[in-house]
Amino acid sequence: MPELPEVEIARRLIADQALHRRIVDVDDSDPYVARPHSPGELRSALTGRSLTAAHRRGKTIWLDTSGTGDTSGTGDTFWTGDAAAPGGPELGLHLGMSGRIVVTRPDGSVSAGGDPYRYRARPARAEWNRFTLTFADGGSLVLLDPRRLGRVRLNPDIGALGPDAAQVTPAEFRALITKGTAPVKARLLDQSKIAGIGNLLADEILWQARVSPLARAGSLSSAQVNRLYRALTSVLESATAKGGAHTGEIFAARHPGGTCPRDGAPMVHGTVGGRSTWWCSREQALGPDQP
């Protein structure tokens, strides 16, 4: 599943290659991916505009659009008399469990960002194209999603999301993570607390910090919280640079018989916060004061 690093890579791709290109057609015919919008609603709202900026919080991307008066392809609004044409609606994109953004440039070359490995074993199919923006220069932006769990919507509400995991401050992190009796892994996965951490990232962060995923959030020591924050920062930076959450150090050890890359102890498997979880049996064992 795309987590913060993969989504950030997709956002950067859009920012680098899809902005300031006039939209001449929109395929929003998949009613499930475009819900609650009816087919044609996004097409009517976006045709004639261009994307002008790409933002992200957690796993949600939203794109600013130009006013309909902007047909220059540059993203600049035309002077219409007393004021510049107003900007258009925001376009929200969520990659779901398997989504990938594919951008075709005017010369026909293609770049993609999002789910990094689901497409390696089999070629993409045309029916996986769930949403498409066609640009006046002949290129396009496509949401490719075999599992059909991505979402596209206008003016997405991101108010329920916590601060972005890549931008949360140490003080915010401590306040959001260290309260209550929920397992710390479940707290890391709670998008209303901190947005962007998924299953693979959570396991990697906890392993890097030598903290049990079962430890109650309210029982964490100051030293453990500090290690978690440092691990969060380093894991996100590394995963984004390397191409995704699957590049973590314990990814290859997440299987029966796997051993900890650091000390060689057996890896333990369980379910925490409803998610499959792997941790080191020795270095991440619960302490006597952490029931």
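The structure is a predicted model, in which local features need pLDDT of at least 70 and side-chain atom pairs count only at pLDDT 80 or more, while totals for chains, interfaces and linings use all residues. Residues are numbered from 1 along each chain as its sequence is written, and side-chain values use heavy atoms, with hydrogens and water left out.

Arg12 and Glu8 form a salt bridge, their closest N and O atoms being 2.8 Å apart, where a salt bridge is defined as a side-chain nitrogen of Lys or Arg within 4 Å of a carboxyl oxygen of Asp or Glu. Both residues lie in helix H1, four residues apart, about one turn of the helix; helices (H or I, at least four residues) and strands (E, at least two) are DSSP runs numbered from the N terminus. Glu8 also meets Arg11 in a salt bridge, with an N to O distance of 3.0 Å. Arg11 and Glu8, likewise located in helix H1, are three residues apart, and both are buried.

A further salt bridge joins the side chains of Asp203 and Lys185 at 2.8 Å, N to O. Asp203 and Lys185 are both buried. Salt bridges that share partners join Glu8, Arg11, Arg12, Arg56 and Asp164 into one network, and the count by the stated rule comes to 13 salt bridges.

Four strands form an open sheet in the order S2-S3-S4-S9, with antiparallel pairing, two strands being taken to pair if DSSP finds at least two bridges between them. Strand S2 (51-57) and strand S9 (151-154) are the edge strands, each pairing on one side only, and the twist averages 20° from one strand to the next. Strand S4 (residues 91-94) runs antiparallel to S9 and is joined to S9 by four bridges, with Leu93 standing opposite Val152 in S9. Helix H1 (residues 4-17) packs on the sheet, touching S2, strand S3 (60-65) and S4, and its direction makes about 170° with that of S2. Contact means heavy atoms within 4.5 Å, and axes are lines fitted to C-alpha atoms, for helices over the stretch in contact, with angles running from 0 to 180 degrees between N-to-C directions.

Key. Buried means under 20% relative accessible area, exposed over 50%, partly exposed in between (1.4 Å probe, protein chains only).
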